[in-house]
Structures are given as C-alpha cells and as structure tokens.
Amino acid sequence: MADENSVIAFYDERMLAHEPNIEVPFLPGRMDNRVRSLLSGLGVPWKYPEHSARLTAIRHLLELEPVPGVTYESGRAATREQLGRVHSSSYLDHIFELRGQSAWLDVDTTAVSPGSVDAAEVAAGTAIAAVEAVVEGRAESSFALVRPPGHHAEPVRARGFCLFNNVAVAAAHARMALGCERVMIVDWDAHHGNGTQDIFWADPDVLFFDLHRAAPFYPGTGSLEEIGMGLGDGTNVNVPLPADAGDAAYLKAFREILVPAADWFQPDLILVSTGFDPHSHDLALDVSYDGFAAMTGILKALARRHCQGRLVFVLEGGYNLISLSRGVRSVLRVLAGDEPPEPGQRGVAEVEAAAGFHRDAFVGPPPD
C-alpha cells in the first residue's frame, strides 16, 4: 500500500508539440472552407484556445510555489493496442495518417499540427502511467498533467479539442491489464464528457458521474435522462447545472448524489476528468479554488473508503492560465495532505478581526 498523502504528478514536454495554428494551410475541402468561414464571421482575431502555454503555466507556478510532498515523473506514449480498447481501428488509422500534417478534424475546430498525433499518444499514455503508479502502490494519488484533453473524443470521432479519450484509455487499461474490476470516473469539467459517456454507455463496470453546464452549452449532451442502457443502465449519472452554479451546487451534488453512488458501486479505482473551466475566470460556471479543493477532499475520502486511496486526476479543460494553474495547485495541496478549506469562508476571519478593531468606534454619541 502506498504511503498516505503520497502524490506523483506526471508531465511530459512532448505534449507541447501539439500546436494547431489557424494561419497554416489545412487540408483542402469543404471542412476547411466551412471552418474558415465560421472564424471569419467572428469579427475578431481567433486563436486556438487549447495551446501549449496551458501546461507550461502549470509547471511555472508549481516551480515558483512548490507543493511539499509532490514528486514528478515523465509520461510515455500509449500503444495502438491501448488506444484500441476505446477507439475503433478505422478511427486510429485516420488519426495516424495525419501524423506530421496540419488538418481540421471537426466543425467545432478540433485541429492537428505536425506534432499533434505524437502529443496525443503521450497524453493517453501518461494517463495510463498515472493509473499504474497508484495501482502498483507507488503513490496514493496521482495527477496526469496532459494535453490535448480527451473527454470529448468518441470511439470514432475527434471533438472539442480532443483526439484520444485519455481518461477512458486509462480506465480501460486499469480493467483489462491491472485487475481493477470496477472503475468510477468523475468529470467536473464545465463541458459534458460526451465521449466518455459514449464509450462506457452500456458498461456496468464503469460508473460515469458528470457535473456540467447544461445544454445548449457545448456539447449539448448530458441530460438527466441519459443514464446508460442495457447492462450499464443506471451507471451513467449526469448533473446538468445552470450558468451561475458554483461551490454550493457542486458540493451538494457530490455529497447527495456522488457519495451514495460511490458507496453503492464500491469502485476499485477512482479517476477524475479534471477541468478548471468551472472557475469564474472561464465564464462558464462559478466554482472557486476552495471549491476544487473541497471536491478533492471528498474524492480522497471516498478513495480511502473503497479503493485503498487509489485516486487519479487527468487534466481536461481550463483556458484561463491563472485559474487553470492555481486550480491544479489547489488540488495537489489537498492530495498531499492539506485540509481543504470550507468554500465561502475566505475573508471571514479578516472581517471578524476588522469588526473587533472598529467595534469601539461605534459606541457613545455620534459625531456632531
């Protein structure tokens, strides 16, 4: 069993090679014309939001403000066999044919650059490495700092900046190669994890729990009624939320829906599709750093109760570099042993101190 509060963060510079550039000539055809038409209609310059600075900003903050107890390891590339557990052979053939090229893959602006396929293989493989670290007992928890993200990637389609579904690849590896019988995936990204839901839609051995901003917010899926089918009926749990939902709503969903679901399912491993776009800086929802920390505390307690503390975070979205990097740090601090603060309490002690300082000023007669 791993040491309590031991954490490994996985990072690999090869993932920085994914650099879609909308100024580069893409493959000819209707898709390219359609995307360029959409971009020109915006009326303002548009840059690809999922860029390499997302990872470098995280690393720079963690170098400036280290989290005691967190160690670092590099990742590795996933094999075709590992990717093929969740993606079709024809889809993999299509993606691999784009190695070294620039191309649009989807009308919602998923694109690749010459280094993207290699980077995506490393992202998926790094998620696997993070899972192996906790299953093998080298760490109680781990965090795979990866890009491109994965939870929108479907078995046969790239979507939403995602090429391979990193968390699904890691979950399938845990079940098929590491002996985990039941895996729970929690997705707290602001966008619904449509790809992960699709992959495990009829699988009774994977419980998928997703909180997200409700449709018509991208990708428009994730209604309450989407609960799985066949043997997987009931193992798909969606909690769609309004645009102004924040800490209180997220924590209520965790405590009143997620915790009972986990206690019923009794997972051998918990994976977290970890997006930081629910933070107010990304203008989608209103979760604070303390909210992310509190959710991490709940998941850490569930992992210790059910699966020997085995808890793996896999980075998804989050496009404001400040809230992304600080959000990651807030999670790592709790994994490494910090007690998560109660959201909404920041500044209360300072107000109490200020009230004590000013209290005597308001006794006696008012000034003339």
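Ring pairs tie Phe143, Trp188, Phe276, Phe292 and Phe313 together into a cluster. That's a handy place to start looking around this model, which is a predicted one. Across the whole structure, the search turns up eight aromatic pairs.

One of these pairs brings together Phe96 and Phe164, with an edge-to-face geometry: the ring centres are 6.3 Å apart and the planes make an angle of 65 degrees.

Now for the nonpolar core. The largest one has 106 residues, and the members that touch the most others are Trp188, Ile270, Leu271 and Leu299. Helix 5 (residues 116-135) supplies the largest share of this core, with 13 residues. As a general point, nonpolar side chains in soluble globular proteins tend to be buried together.

Leu299 is worth a click. Setting aside residues up to four places away in sequence, Leu299 touches Val186, Trp188, Phe254, Leu258, Ile270, Val272, Leu311 and Phe313. Two of those names have come up already: Trp188 and Phe313 are members of the ring cluster. Trp188 and Ile270 are also among the core residues that touch the most other members.

On to the charges. The structure holds 20 salt bridges, and three of them are set out here.

| Salt bridge | N to O distance | Relative accessibility |
|---|---|---|
| Glu132 and Arg76 | 2.9 Å | Glu132 15%, Arg76 30% |
| Arg304 and Glu140 | 2.9 Å | Arg304 35%, Glu140 8% |
| Asp205 and Arg175 | 3.3 Å | Asp205 29%, Arg175 24% |

Take the salt bridge between Glu132 and Arg76. Glu132 is in helix 5 and Arg76 is in the loop between strand 2 (70-73) and helix 3 (80-83), so this pair ties together parts that lie 56 residues apart in sequence. Glu132 is buried, whereas Arg76 is partly exposed.

The bridge between Arg304 and Glu140 also links distant parts of the chain, 164 residues apart. Arg304 is in helix 9 (residues 289-306), and Glu140 is in the loop between helix 5 and strand 5. Here the arginine, Arg304, is partly exposed and Glu140 is buried.

For the bridge between Asp205 and Arg175, the two residues are 30 apart in sequence: Asp205 is in the loop between helix 7 (194-199) and strand 7 (206-213), and Arg175 is in helix 6. Asp205 counts as partly exposed, and so does Arg175. Elsewhere, salt bridges with shared partners join Glu50, Arg54 and Arg147 into one network.

Which rings does Arg59 lie over? One is Tyr11, where Arg59 lies over the face at 4.7 Å from the ring centre. The other is Tyr72, with the charged end of Arg59 sitting 4.9 Å from the centre of that ring.

Then there's Arg329, found in helix 10 (residues 321-335). Is Arg329 buried or exposed? With a relative accessible area of 15%, Arg329 falls under the 20% cut-off and therefore counts as buried. Leaving out neighbours within four places in sequence, Arg329 is in contact with Leu61, Leu62, Glu65, Pro66 and Val67.

Last stop: Gly150, in the loop between strand 5 and helix 6. Gly150 is buried, with a relative accessible area of 0%. What does Gly150 touch, not counting residues up to four places away in sequence? The list is Cys162, Phe164, Asn165, Asn166 and Glu316, which leads back to Phe164 and its edge-to-face pairing with Phe96. For a sense of distance, Gly150 and Trp104 are 46 residues apart in sequence, and their C-alpha atoms are 17 Å apart in space.

Methods
Residues are numbered from 1 along each chain as its sequence is written. This is a predicted model: local features need pLDDT of at least 70, side-chain atom pairs count only at pLDDT 80 or more; totals for chains, interfaces and linings use all residues. Side-chain values use heavy atoms; hydrogens and water are left out. Rings of Phe, Tyr and Trp (its six-membered ring) pair if their centres lie within 6.5 Å; planes under 30 degrees apart count as stacked, over 60 as edge-to-face and the rest as tilted. A charge sits over a ring if NZ of Lys or CZ of Arg is within 6 Å of the ring centre and within 35 degrees of the ring normal. A nonpolar core is a set of buried Ala, Val, Leu, Ile, Met, Phe, Trp, Tyr and Cys residues joined through side-chain atoms within 4.5 Å. Buried means under 20% relative accessible area, exposed over 50%, partly exposed in between (1.4 Å probe, protein chains only). Helices (H or I, at least four residues) and strands (E, at least two) are DSSP runs, numbered from the N terminus. Contact means heavy atoms within 4.5 Å. A salt bridge is a side-chain nitrogen of Lys or Arg within 4 Å of a carboxyl oxygen of Asp or Glu.
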